[in-house]
Amino acid sequence: MSVSVVTLAGGRPDHLRNLVIGLTRQTQPPVELIVAVIQDSAYDLPDAPFPIRQLMIAGGDLPLATARNAAAGAAKGDSLIFLDMDCIPTPTLVADYARRLAELDGLLMGEVMYLPGGATAGTWDSAGFADVAVRHSDRRGPPAEGIELCNDYRCFWSLNFAMRRDTFLRVGGFHEGYRGYGGEDTDFGKVLDTAGVPIAWIRGGLVHHQYHPHHMPPVHHIDSVVRNAQLFETRWGYRTMGHWLYAFRLMGLVDDAEGAPIRILRRPDADDFALTGQQSHQPYANTASVIRVLEARAMDTDRVAA
C-alpha cells in the first residue's frame, strides 16, 4: 500500500525541517510529502529520497480544513498520513500505518509524545527522545498492541492520523466552513461516525511533538472558537469545544448560555494570557489545569461573598 504524507505549515521552518528529516529515516519511505503552505512563500526544505510538493493555500484566516482537503485531493498514495508540522515521525511510522490500514478501513490515530524545549537542538534522533518525552495527561495512551476501536468520535484530533485516501474522499473530507482554530476535528469525527467509518487507536505510528509556546484554552483564538462552535451547533444541534467555552466563561470572556448565540463579553488581557500560557518547562499546555485554577478562584470568591 503506497502512502502519502500530508502536513499543513505556516511559520516555524525549523519544525518542518525536522519533520522532513524524520521522514527521510523511515523503514518504509512515503511516496511523497505534500506540504499545504499557509503563508506567503514556500519553504526551503532539505533534500529527501521522495518528492516534496508544496501547495500554496490562499486565505489569511487559518483555513485548516481547506488546506487538508486540498492536500488530500492532490495526493497520489493509496493511503494518507496527516501530521502536524511540529511532529517528528519515528522511523517505523509509515510502515506502522501502512500495516494497520491494510487491516482496518477507518481513521487510525497513532501515538504522540511531547518534547520539552531544547530537545531538538543540535543533532538528534528519535531514540534519544525516549528519556525526555512525556505523554499528555489529558490524552489516553495507545492500546497494548494492534488496533483498538474508539467508540467516541470526540476523541479524534488531527495531530497524527491516517486513512485510506478513497475513504477520506468518499466522506467528503473536512467541512470547509470551519475557518481558524477549533471545531473542525470534532466535526470530522462526527462525519465519520455518521458514515459508519470506524475510528481507532493503534500501537505505533509514534510522533514526537516539538515544543513551542502555546495557550490552552486557546484565548488567542477566541473569535474562531466561538464562531466554529456555533457552526458545529448549526450542523449537529449541539455545541462542541465545551471545555474551552467553560473556561472562557469562568474567565468572564464569553456568555455561552444555551438557547442564544455565544457572546464575547471582553477581549483577553495580559492576565488571561499569563494564566493560559505554556511555561518553558512544560512540554504542552493544559486546559484541565487552568480550569482547576479558575474553579478554585470561583470557590474562594463564593466563600468571601458568603
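## Basis of the values

Residues are numbered from 1 along each chain as its sequence is written, and side-chain values use heavy atoms, with hydrogens and water left out. Because the model is predicted, local features need pLDDT of at least 70 and side-chain atom pairs count only at pLDDT 80 or more, whereas totals for chains, interfaces and linings use all residues.

## The cavity

The count comes to one cavity of 30 Å³ or more, a cavity being a set of points, on a 1 Å grid over the protein atoms alone, where a 1.4 Å probe fits but cannot get out. The largest cavity has a volume of about 40 Å³, where volume is the space filled by probe spheres set on the grid points, which are joined across faces, edges and corners.

Its lining, made of residues with an atom within 4 Å of a point, consists of V6, T7, L8, R68, F82, L83, D84 and S158. Strands β1 (3-9) and β4 (79-84) each supply at least two residues of this lining, strands being DSSP runs of E with at least two residues and helices runs of H or I with at least four, numbered from the N terminus. By class, the lining has four nonpolar, two polar and two charged residues, where Ala, Val, Leu, Ile, Met, Phe, Trp, Tyr, Cys and Pro count as nonpolar, Asp, Glu, Lys and Arg as charged, and the others, Gly among them, as polar.

## Aromatic pairs

There are 13 aromatic pairs, meaning rings of Phe, Tyr and Trp (its six-membered ring) whose centres lie within 6.5 Å, with planes under 30 degrees apart counted as stacked, over 60 as edge-to-face and the rest as tilted. F82 and F161 form a stacked pair, 4.5 Å centre to centre with 5° between the planes. Since F82 lies in strand β4 and F161 in strand β9 (residues 160-164), this pair ties together parts that are 79 residues apart in sequence. Both F82 and F161 are buried (under 20% relative accessible area, with a 1.4 Å probe and protein chains only).

F174 and F188 are also stacked, at 4.2 Å centre to centre and 20° between the planes. F174 lies in the loop between α4 (165-170) and α5 (184-195) and F188 in helix α5, so the pair ties together parts that are 14 residues apart in sequence. F174 is buried, with a relative accessible area of 2%, and F188 is buried at 1%. One aromatic cluster is formed by F82, F156, F161, F168, F174 and F188.

## Charges over rings

The charged end of R68, a residue of the cavity lining, sits over the ring of F174, 5.2 Å from its centre (NZ of Lys or CZ of Arg within 6 Å of the ring centre and within 35 degrees of the ring normal). R25 lies over the face of W124, at 4.6 Å from the ring centre.

Methods
1 Å grid on protein atoms, 1.4 Å probe; cavity = no way out; pocket = protein on both sides within 12 Å on 5 of 7 lines; lining within 4 Å. Buried < 20%, exposed > 50% of the residue type's maximum accessible area, 1.4 Å probe, protein only.
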